[in-house]
Amino acid sequence: MLSPLTAIAADKVQYGPAGGWVLPPPAPTDGATPAGATARVIYSDIQVRVTDKGDETYTAYRIKLLKPDALPVGNISTAWNPAAGGVTVHMLRIIRDGRPIDVLKSTRFTVLQREANLELAQLSGTLTAMLQTPGLQVGDEIEYAVTVRAQDPTLGDHHFGFAMLPPGGTPGAYRMRISWPAERAVRWRATPDMGEITPRAEGGLMVLDYALRDPKSTVPTDGAPGRYNIRRLAEYSDYAGWEDISGRLWTLFDKAAVLKAGSPLGQEVARIAAASSDPAAQAAAALKLAQEQLRYVYVGLNGGNYQPASPDDSWSRRFGDCKAKTVLLLALLKGLGISAEAVMVNSAGGDGLDERLPSPLLFDHVLVRATVGGKAYWLDGTRLGDTSLEQLPPSPYRWALPLRPGGGGGGGAGRPPPPPPPPHPGRAGNDAWGG
């Protein structure tokens, strides 16, 4: 069960002790500090706990500052989404000559809604708690501990996430720990470099523990696809398969992609149909409308990172993100009698996505796959300048997840069919899916 602090306003930083489930930090190591090092990690600790009320992530570290270059370590920040959970700071202290100084006795965090991608028209609603540690000096140690609680308002009955240790070879004690109720069907997977690790029973929990002491740097595989260079990563998910994500999100998009009675978008459908009887020209006209008459603004506020806005709402305010543009396109194409479905993708291409556990976190974009004349076309409302289906660029995505009823009929992650080369240079489109 979560701490009673969960009930307190999620847009403010809470202060209090760590939960009883949190283990003490790992013991320091005696490995030699490299010559010229600016700082020394005493310990770095990540503990994740899956609960019926969301997931808690406890993060703590203790670092000794050896040179002035390390002083920015005292610029502490923690980010969270208030629509999904809250944050509790447990400790921030300076250890000087073996004597602890409690920074929180006289200084508190400032909360900012610092939209990191505002220049890209993205509003995530993420809050950032910031504190500039006062009085920090070279030779001090700084120790910080915080817990972030998260339960997505749209997918809150599912649990998915990951923990990762740094790939570098900085001396120190490092630990990641993921625990979940033994009766809950949670799957896990670790990258091969972590060796043979197996969850163990601990009370009523299953626990996945992994520790590194004075680790060496991982050796990247030069020239290899990105999936070969993911190291020291453990992930978990209670989705039984990709089709579970497909079916769940299909429900959201299918419900949203409905026009109200008397919708002005119905007039747009009639206009497009009257202009041409060619389905390819109609689909291109619908795509042009979504691209040019709905300016791009990503809206992840109030749980909107997975929930699409309705086409009529987006049309009335004349802006929307990839989700909004996708449901608007779906509604238009449905009115025109053109077969289409929403498809989730990763804007980086999705290389190795099929080797990961099913998780919505692996996607950051959604678009439309329409079928015209027996041929599939990828329609991206966040792009600009697409004037005909035959001039669309080839799909850059290695893997994609179509959203279908119940996830059936191929709802699992699959490769898009290779399209023919485009007759014109391609143009990029991108969007943040979940913030």
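Author: Helices (H or I, at least four residues) and strands (E, at least two) are DSSP runs, numbered from the N terminus. This is a predicted model, in which local features need pLDDT of at least 70, side-chain atom pairs count only at pLDDT 80 or more, and totals for chains, interfaces and linings use all residues. Residues are numbered from 1 along each chain as its sequence is written, and side-chain values use heavy atoms, with hydrogens and water left out.

Reader: Is Asp 214 buried, partly exposed or exposed?

Author: Asp 214 sits in the loop between β15 (205-213) and β16 (233-237), and has a positive phi of about 50° although it is not a glycine. Buried means under 20% relative accessible area, exposed over 50%, and partly exposed in between (1.4 Å probe, protein chains only). With a relative accessibility of 26%, Asp 214 therefore counts as partly exposed.

Reader: Which residue's side chain makes a polar contact with the side chain of His 90?

Author: His 90 belongs to strand β5 (residues 85-96) and is buried, at 17% relative accessible area. A polar contact is a pair of N or O atoms within 3.5 Å; within protein, one must be able to donate a hydrogen and the other to accept it, and residues adjacent in sequence count only if both atoms are side-chain atoms. At 2.6 Å, the partner of the His 90 side chain is the side chain of Thr 147.

Reader: Why are α2 and α3 called oblique to each other?

Author: Axes are lines fitted to C-alpha atoms, for helices over the stretch in contact, and angles run from 0 to 180 degrees between N-to-C directions. Angles under 35 degrees count as roughly parallel, over 145 as roughly antiparallel, 65 to 115 as roughly perpendicular and the rest as oblique. The axes of α2 (residues 264-275) and α3 (residues 279-292) come within 9 Å. The two helices are therefore oblique, crossing at roughly 140°.
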